[in-house]
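Hi everyone, thanks for making the time this morning. Let me put the sequence and the structure up on the screen, and then we can walk through them together.

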Amino acid sequence: MALDIAALQLRPVANGELNGSCPFCGDRKKHFYLNPHKGVYRCFKCGASGRVDGAAHYVPLAPLRQEEPLADATTLDRVYSILFRTLSLSAEHREHLLSPKRGLSEQVIQERQYRTLPPKDRIRIGREVAEWVEPRGVPGFYLYNGKNDRQLWCLAGLPGLLIPMRDFEGRIRGCQIRPDKRVGARYVWLSSANPRRGSNGTGARAVYHVARGEDPKTVWITEGPLKADIAASRMGKTFVAVPGVNCWKGSGLIEDLLANGIRAVVIAYDSDSVSNQHVARAVTELGWALRKSGLRVSYAWWPPERAKGIDDLLLMNGGLRVVNEQAWLGLVRLRGGRAAG
Ligand SMILES: [Zn+2]
């Protein structure tokens with residue numbers, strides 16, 4: 001069968017080859033390869049192969065943006081630590097953190113290293129970080145095509161409050177942003193999966209955050225890194241913020257709790273967890289998974305009328321109870337969550 005090269009829709013891949021859908025078998029998963037220099041093609045799905053004239057003059061489609069694979073934990077921590085040294089905290093953000101609504105102290109703000117992601121200066125920030133260590137594979141950084149095809153490391157991310165997400169060893173593995181202008185979600189990940197210009201960006205992975213307190217054997221689980229930091233500073237307990245009520249599964253959370261010698265867990269999701277059946281189900285699933293792994297599980301509870309999150313409740317001094325699963329399921333039934341079964 002003759003190959004109509006002009007009808008092909010191929011993109012560059014490695015080694016100067018092009019690939020795309022196969023005109024012989026209709027495969028759309030890019031099993032069809034053309035080497036324009038040698039003038040040969042082959043489909044690894046149907047086996048069609050042969051020579052074709054004019055391949056050297058074929059004009060391919062633009063390459064798909066390749067996502068850079070995630071850097072290892074040491075590189076992530078090094079790059080983010082340098083980034084946090086490079087940035088500062090604006091007066092507005094400091095005021096917000098010190099306000100009665102948040103109730104953080106100067107000391108905690110220092111320790112947790114909140115920073116401001118400014119609206120400008122992203123190429124300068126990228127260059128300053130890259131002088132120390134190349135931020136390849138670090139979510140938030142990407143290569144910007146500057147003048148004369150010069151490639152410069154640049155920092156992505158919406159302007160806002162930058163919050164480091166730390167593991168049990170205190171290493172930074174990712175960052176969340178609280179954007180200055182609300183964009184739907186109150187918090188977004190620092191990511192460079194889709195920078196407007198440039199390439200070699202990396203998408204953020206959803207990671208949990210550890211706010212370390214004094215008690216090393218018990219961990220309280222909540223949602224949101226700022227909430228965890230506030231609660232840990234108020235109670236002196238270790239808080240872990242999961243990236244979303246349903247998002248602990250892929251995060252390695254349970255394995256890491258066990259590896260760090262944690263024996264007991266208190267689930268302290270927002271108070272709507274007893275009245276919202278989706279959240280109630282998520283809490284129950286997390287509780288069962290933790291117990292199956294040999295951890296002692298209990299549940300934090302307070303009247304939903306009093307406060308939504310445990311951080312708000314702690315700022316109001318009171319009403320917190322820790323109950324066992326039986327009692328918690330009773331509260332869910334009483335409050336209309338129902339989805340525990
Ligand atoms: Zn084929």
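So, to start us off: which residues are buried in helix α9, residues 325-335? Keep in mind as we go that this is a predicted model. The buried ones are E325, W328, L329, L331 and V332. If you look down the axis of α9, those buried residues fall within an arc of 155°, so they line one face of the helix. Turn to the other side of α9 and you find Q326, R333 and L334, which are exposed.

What does that buried face pack against? The buried residues of α9 are packed against α7 (277-292), β16 (296-301) and β17 (321-323).

W328 is among the residues with the most contacts inside the largest nonpolar core, together with I221, L257, I267, Y269 and L290. That core has 33 residues. At least two of its residues come from each of β13 (218-223), β14 (238-242), α6 (253-259), β15 (264-267), α7, β16 and α9. The biggest contributor is α7, with 7 residues. As a general reminder, nonpolar side chains tend to be buried together in soluble globular proteins.

Setting aside neighbours within four places in sequence, I267 is in contact with I221, V283, L286, G287, L290, V297, S298, Y299 and A300. There is a second, separate core too, of 23 residues, including L76, L143, I172 and L190.

While we're on helices, please look at α4, residues 122-130. Its buried residues are R122, I125, G126 and V129. Viewed down the axis of α4, they fall within an arc of 100°, so they line one face of the helix. Their packing partners are α1 (73-86), β6 (115-117), β7 (141-145) and β8 (151-155).

Where is D270 found? D270 is in the loop between β15 and α7. Is D270 buried or exposed? Its relative accessible area is 10%, and the cut-off for buried is under 20%, so D270 counts as buried. The D270 side chain makes a polar contact of 2.7 Å with the side chain of K227, and another, of 3.1 Å, with the side chain of K308. Leaving out residues up to four places away in sequence, D270 touches K227, W302, K308 and G309.

Last stop, the zinc ion. Which protein atoms are its donors? They are the SG atoms of C22, C25, C43 and C46, at 2.3 to 2.4 Å from the zinc ion. Angles among the 4 donor atoms run from 104 to 117°, and the site is tetrahedral. For comparison, the ideal angle for four tetrahedral donors is 109.5 degrees. Along the sequence, the donor residues follow the spacing C-x2-C-x17-C-x2-C. C22 is buried, at 4% relative accessibility, whereas C25 is partly exposed, with a relative accessible area of 37%.

One more residue before I stop: Y41, in strand β4 (residues 40-43). Y41 is buried, at 8% relative accessibility. Y41 and E17 are 24 residues apart in sequence, with 9.6 Å between their C-alpha atoms.

That's my tour; over to you for questions.

Methods. Residues numbered from 1 in each chain as written. Predicted model: local features only at pLDDT ≥ 70, side-chain atom pairs only at ≥ 80, totals over all residues. Heavy atoms only, no water. Buried < 20%, exposed > 50% of the residue type's maximum accessible area, 1.4 Å probe, protein only. Helix = DSSP H or I, 4+ residues; strand = E, 2+ residues; numbered from the N terminus. Arc of directions from axis to C-beta. Contact = heavy atoms within 4.5 Å. Core = buried A, V, L, I, M, F, W, Y, C linked by side-chain atoms within 4.5 Å. Donors = N, O, S within 2.8 Å, 3.2 Å for Na, K, Ca; no water. Tetrahedral: all angles 85-135°; square planar, octahedral: opposite > 155°, others 65-115°. Polar contact = N/O pair within 3.5 Å; in protein donor to acceptor, adjacent residues only side chain to side chain.
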